[in-house]
Amino acid sequence: MKAEVECIPCMLTQAINTTRMVTEDEETLLKVVREVIECIKESDLDLPPATFSTPAYRVAERITGVGDPYKEVKKKYNDLALEMSTEAKRIIDKSEDKLHTAFKLSVVGNIIDLGIGHPFNLEETIAEILRSGFAIDHFQKFKEDLQRAKKIFFVGDNAGEIVFDKLLVEELRGYHLTYAVRGGAIINDATLEDALYVGMDKVAKKIITTGTNAVGAPLDEVSREFRQAFEEADIVIAKGHANYETLVDGPRKCFFILKAKCSVVGKHLGGKKGDMVLVRK
């Protein structure tokens, strides 16, 4: 997936949001903006949007000197999601199709995206997805693939969201499921620390990282371990914008779970901004 012109102001906004997490100093903000503008001048719109925007976060973190500006916020949303997990589990357990419902609740967590900076309401989104379902729903294809599968590779996205992923992983017990998180702090993306904090190690057979703090999972930058797990899995599940943007044109089909938070991604999905999807591409 290629970036578009609309990704340019988004990149600037993300850099400003990240900087404001740690300082309101106008001189520092201006320094970040100026350097990100230089990055934009040298960037290639042929890159995926996530890869296009990664330098903005790295600039902000280098100039402010704060390596994990979202650290406290990530804990906040991990705790919020953990508080909601008992009710979410109850919804799954009383549903007619537990696995399908677990997929629906997993997409709810994807609205916790502090990089893009959109407001969100978890309770309202749960009600919406249970009422309306996915705008694109390839769950039947997933069930068909699952009949022949032994190994599942699940690429996670954000902190907080990872708790809802955990509920889905629990419904996939019996399979050798490896769960992947970012290899270093970037925006509010989940890291190994977050995975252990929410207890993902209690339900997944193995937890690995991308081996990089790049946004998404660019295959030319991930670790050998990640690439091997990606290639050897019978099924790959990938959550969120960044993973979709970096993996959708990759060498194999994946099941993507996300909410389209911008028109660029919505259009690429064949839908519109705001759509929640489970799509095999």
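This is a predicted model: local features need pLDDT of at least 70, side-chain atom pairs count only at pLDDT 80 or more; totals for chains, interfaces and linings use all residues.
**View 1. Helix α2 against helix α3.**
This view shows α2 (residues 26-42) and α3, whose axes come within 9 Å and cross at roughly 145°. Helices (H or I, at least four residues) and strands (E, at least two) are DSSP runs numbered from the N terminus. Axes are lines fitted to C-alpha atoms, for helices over the stretch in contact, and angles run from 0 to 180 degrees between N-to-C directions. As for the right-handed label, a crossing gets it if the near helix is turned clockwise from the far one by less than a right angle, and left-handed if anticlockwise. On the α2 side, look for Thr28, Lys31, Val32, Glu35, Val36 and Cys39; facing them in α3 are Pro55, Ala56, Val59, Ala60, Arg62, Ile63 and Thr64. Contact here means heavy atoms within 4.5 Å. Sorted by class, this contact of α2 with α3 has eight nonpolar, two polar and three charged residues. Ala, Val, Leu, Ile, Met, Phe, Trp, Tyr, Cys and Pro count as nonpolar, Asp, Glu, Lys and Arg as charged, and the others, Gly among them, as polar.

**View 2. Helix α1 against helix α3.**
Here α1 (residues 7-20) packs on α3 (residues 49-64) at an angle of about 30°, with the axes 9 Å apart. That makes α1 and α3 roughly parallel to each other; the cut-offs are under 35 degrees for roughly parallel, over 145 for roughly antiparallel, 65 to 115 for roughly perpendicular, and oblique for the rest. The crossing of α1 and α3 is right-handed. From α1 come Cys7, Ile8, Met11, Gln14, Ala15, Thr18 and Thr19, and the α3 residues include Pro49, Phe52, Ser53 and Tyr57. No charged residues turn up in the contact of α1 with α3, which has 10 nonpolar and five polar ones.

**View 3. Helix α4 against helix α5.**
In this pair, α4 and α5 (residues 98-109) pack at an angle of about 150°, with their axes 8 Å apart. The crossing of α4 and α5 is right-handed. Ala88, Ile91, Ile92 and Asp93 of α4 meet Lys98, Thr101, Ala102 and Leu105 of α5. Those residues of the α4 and α5 contact split into five nonpolar, one polar and two charged.

Asn78 sits in α4 (residues 71-94) and counts as buried at 1% relative accessibility. Buried is under 20% relative accessible area, exposed is over 50%, and partly exposed is in between (1.4 Å probe, protein chains only). Skipping its neighbours within four places in sequence, Asn78 is in contact with Ala159, Gly160, Ile162, Val163, Asp194, Tyr197 and Val198. Asp189 lies in the loop between β3 (176-181) and α9 (192-198), and this residue is buried too, with a relative accessible area of 3%. Leaving out neighbours within four places in sequence, the contacts of Asp189 include Lys74, Asp157, Arg182, Asp194 and Gly216.

**View 4. Helix α11 and what covers it.**
Eight of the eight residues of α11 (residues 240-247) are buried, so this helix is largely enclosed by the rest of the structure. Its cover includes α3, β2 (151-155), α10 (224-232), β5 (235-239), β6 (255-259) and α12. His268 lies in α12 (residues 263-269) and is partly exposed, at 30% relative accessibility. Apart from neighbours within four places in sequence, His268 is in contact with Met1, Tyr244, Val248 and Lys281.

**View 5. Cysteines without a partner.**
The structure holds zero disulfides, a disulfide being a pair of cysteine sulfur atoms within 2.5 Å. For Cys10, the nearest cysteine sulfur is that of Cys262, 6.7 Å away. Cys10 is partly exposed, with a relative accessible area of 29%. Cys254 counts as buried at 0% relative accessibility, and its sulfur is 19 Å from the closest cysteine sulfur, in Cys262, too far for a bond.

Conventions:
Residues are numbered from 1 along each chain as its sequence is written. Side-chain values use heavy atoms; hydrogens and water are left out.
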